[in-house]
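The stops below follow one another, each with something to select.

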Amino acid sequence: MILEPIDKNEALRYLGCKDGTDNEQMLAMLDSCEKELLKAASPKYLYAVYPISFTDDGVKIADSNIILKGSSAAAHLKNCDRIVLMCATLGQGVDVLLRRLQVSDMASAVIVDSLAGAAIEQICNRAETEIFEKVHSNSRTWRYSPGYGDLPLDIQFDLLTLLQAQKRIGLTVMNSNMMVPTKSVTAFIGLSEGEVDRSTRGCESCNMKDRCKFRKSGGHCGN
Amino acid sequence: MEIKTLLEQRGLLIFDGAMGTQLQAKGLKTGETPELLNLTAKDLLKEIHRSYIDAGADIISANTFGANSYKLSHSGKSVDEIITAGIVNCKEAIKESDKDVLCALDIGPIGQLLEPTGSLKFEEAYDIFKEEIVAGYKAGADVVLFETMTDLYELKAAILAAKENSDLPIICSMTFEENGRTFTGCPAEAEILLCEGLGVSAVGVNCSLGPKELMPIITTLCEKSKIPVIVMPNAGLPDPATGEYSIDAEEFSEYAVEIAKLGAGIIGGCCGTTPEFIRRTADKVKGRKYEPKSIERVCTICSGTNVVEVSQPRIIGERINPTGKKLFKQALINDDIDYILGQAIEQVNAGADILDVNVGLPDIDEKAMMIKAVKSIQGVTNVPLQIDSTIPEVLEAALRVYNGKPMVNSVNGEEESLKNVLPLVKKYGAAVVGLTLDKDGIPPKAEQRVAIAEKIIKRCEEIGIPKEDIAIDCLTLTASAEQLAVNETLKAVRAVKERFGVRTVLGVSNISFGLPNRELLNHIFLTMALENGLDLPIINPNVAAMTGAVRAFKLLKAIDVNSVEYIAAYGSDTPTAVAKPKSSDVTLEYAIDNGLKADAAKITEQLLIDTDPMVIINERLIPALDKTGTLFEQGKIFLPQLILSAGVAQSCFDVIKAHLAKNNSETVSKGKIVLATVKGDVHDIGKNIVKVLLENYGYTVIDLGKDVEYQAVVDAAKKHEVKLVGLSALMTTTLKSMEETIKLIHDNGLTCKVVVGGAVLTPEYAEKIGADFYAKDAKETVDIAKKVIG
């Protein structure tokens, strides 16, 4: 899979530069870092659709023993009868590149790190586009990830096992629930034949809301 | 029984097909642990095994693929229990069939990525595999099968565990993507080199793709491997929405015929294949005469992702070696691994194909440092390494943790050396450099050196090290001391190459020792040596003339066909046009503001002529850095710019350090600070930014890296008597580790202060877990360091 040009303004925003920059040196570095990142990345994603049911503990994924515990996943998936479970990664090459740059050129490392953050979002968006060309529903929720609200991060292990993520795209999770390769995402989207409430997206459901640097400066991350 | 013997006796062997696919067809839920069925559904498993035996399989795999301690950790069952049951089921099915079928202990990846990308240590991976091997061996498995592997490093841990804890034949199979590489970037050739070197019985590919898509990989395997090739494709490609595979049993078996013709020795199936696939395949190819291709290979070594064939001159970078380098020695004493990594990256960027790694220094634990250096270097570059030590114990430690097939530097003609080094080279499947000296030293005449080379080659062959893995070093003597010896060296190089057909290696730079304009002599001697048959010059690749000589030689000898490499190296020599003022107008402050490293270094050199280093640091560098720091706080510049400025200051500091080292003065340091990214956390970019900034304010940072044990932080804080410890964590789940680390610091009665930072931290939380300070960014950490240390 080839990455599209990376949204540099998004990367700049991650770097704390919300209005873009006209600094020539920075722009030149962004360009060269993008080239390096595109060379190092081998983006992959993977998804599957599962029926769900609602239990006292949370949302149960059919044909498995996995329960999305807590109230926030249940609220997010209200009115849904299925979910699309997906995961995506930029691959290990990006981790190698980041390690190398952190030794030889820290400024570039920081820029590549931000560009990679923007890139994995783009890959998720692309996956979503493909998914909804193939999977039909009347309405759907936005992408929801472990760690949001009261959905525990340790569900990541079960979700990635269910998707056979290691075997199929080389994505694993550490005991500390950190994914490796590090530039990776796990998420699910609720599907409904009725209507879903999409209004809940925003800072209130985010577990970073008390320490978010975007909120501190009066903005938000855009999700 | 050895696989090769079996192939000679029975002809082409058939492996079984998918287990998971069969279990799911019988009602196993997705995401459940299939190995638990070994205890609860014995009959079902025996029935599946039996159906593959009846289909014609010569080897069947027990249901033990994921039976490792990590994957079973939530199951309440032990590895021994599950594996024993799996092997017993398999053996019983074989016994009931009354056929001569072998039972394979089937072992897949652990499920966690190894260091450096993941946190699982090589040694831990070894122990996990060892537990599986011990259980399977005891239960009576006939063969060990490692399959669906994607990381060569993990595979190496697995093979070592199997070899050191059983005497069973080992079969290895990796999973490749359509680009010919695994997820970790490993090509099939690297798999072959590792497996052959470690004495594996068969090597190959399984899963991920169907037989059609795998043909290029299978062709490579059959054309490059000296050991039998195993192939177990999927039943084509799965439909992403339905999960159904694209080809049927008949089509699969037709591909099997093609695969057999290519020279493969063992054929089976992976995901989506059924007993019917195996039956049709067996009907067509089972027992067919095994006809592997005959393989000729020149010396080839590899890292986990990069194969280097010494079929033409290859540059070995010599800079990772403390001999005669004060800064390097200082770095070793301070455990400053980043210094070594910087040397590695610089040489690779300059054109090194292989890096020599020598960290021998009397005052340090060379073995521990060698392990750390090898692991770290292979995390940031992909060139193969040459392990350089005079101590066999150090060599062995490095050979174990090396990812791929390395070169060992070196063995010599002395009995003691041959006896100690060659068994290690053989065991770990490395290539080796043989020095043409013995107990009487370096003989003066070429013929005498050739005789020692002959002895070394003979001894290698006796112990089973193939000739292709030998490189002979005829030794460069210093021209200023032994002018006539120069020609003897060149004569010996030519003779060794022509007579024995082995590779040749020379440390080039020694030629000019004690003479002026060393670069000129090195350069000319290198060219002369290349013309006499030198394959592996050990040089400083950062000197443009040296790397250039090799590139030019390759072009002029028509090795670099169509001058491709030469043009790639020099064709785009157009300077990037960034508007900047005339050099004479650039001040230190301007250079720091604008990221001009080279200018800043030059200015610092000039200042040092008549200015005290501490004055430069305190009155020029730090105020300039403070200014960019303030601009950063005000949001007028952003993070990369702040770091760029810091990088410029770093280059000034490097100049000052080199100046002080030259004058044997005390080093400049405002004090030591320990930094660590806490246990369980591998995202350490934030900590590394802090490190860069602290160093540029003159602090010495003891960087413990990422995923750091609690005790390691305490030990470092004690050892270096630091006043400040900095801890970072990225995730809510690893904040617990931060708390534990702080608690242990306090429990040990250390008086140092602790500063914490990281994306999910808040000042309130920092206080709650007992930290003395919370830093919101790198700049604030510097302010805190100033407060605590001064």
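A residue is called buried if 20 or more other C-beta atoms lie within 10 Å of its own, exposed if 12 or fewer, and partly exposed in between, with C-beta atoms placed from the backbone. This is a predicted model, in which local features need pLDDT of at least 70 and side-chain atom pairs count only at pLDDT 80 or more, while totals for chains, interfaces and linings use all residues. Residues are numbered from 1 along each chain as its sequence is written, and chains are lettered from A and ligands numbered from 1 in the order in which they are written.

**Stop 1: two residues with positive phi**

Most residues other than glycine have a negative phi, and most peptide bonds are trans. Select Asn79(A), where phi is near 75 degrees. Asn79(A) sits in the loop between α3 (71-76) and β4 (82-89) of chain A; helices (H or I, at least four residues) and strands (E, at least two) are DSSP runs, numbered from the N terminus. Asn79(A) counts as partly exposed because it has 15 C-beta neighbours inside 10 Å.

Now go to Leu475(B), which is not a glycine either and has a positive phi of about 70 degrees. Leu475(B) belongs to the loop between β16 (470-473) and α18 (485-500) of chain B. With 22 other C-beta atoms within 10 Å, Leu475(B) is buried.

**Stop 2: strand β4 of chain B**

Select residues 143-149 of chain B, which form strand β4. Seven of the seven residues are buried, so the strand is largely enclosed by the rest of the structure. Strands pair if DSSP finds at least two bridges between them. Leu105(B) has Val144(B) as its bridge partner in β4(B). From β3(B) the chain passes through helix α6 (residues 122-139) of chain B to β4(B), in a right-handed β-α-β crossover. Right-handed means that, with the strands pointing away from the viewer, the path from the first strand over the helix to the second runs clockwise.

Next, select β5(B), residues 170-174, which is parallel to β4(B) and joined to it by four bridges. Met149(B) is opposite Met174(B) in β5(B). The crossover from β4(B) to β5(B) goes through helix α7 (residues 152-165) of chain B and is right-handed.

**Stop 3: two cis peptide bonds**

Display the backbone from Glu115(B) to Pro116(B): this peptide bond is cis, with omega near 0 degrees. Pro116(B) is in the loop between β3 and α6 of chain B. Then move to Asn409(B) and Ser410(B), joined by a cis peptide bond with omega about 20 degrees. Ser410(B) is part of strand β14 (residues 407-412) of chain B.

**Stop 4: where the chains meet**

Which chain gives 46 residues to the contact, and which gives 47? Chain A gives 46 and chain B gives 47, a contact being two residues whose C-beta atoms, placed from the backbone, lie within 7 Å. To see the side of chain A that touches chain B, select α4 (92-104) and α5 (106-134) of chain A, which are among the elements that supply at least two residues each. The largest share, nine residues, comes from α4(A). That side of chain A divides into 18 nonpolar, 17 polar and 11 charged residues. Ala, Val, Leu, Ile, Met, Phe, Trp, Tyr, Cys and Pro count as nonpolar, Asp, Glu, Lys and Arg as charged, and the others, Gly among them, as polar.
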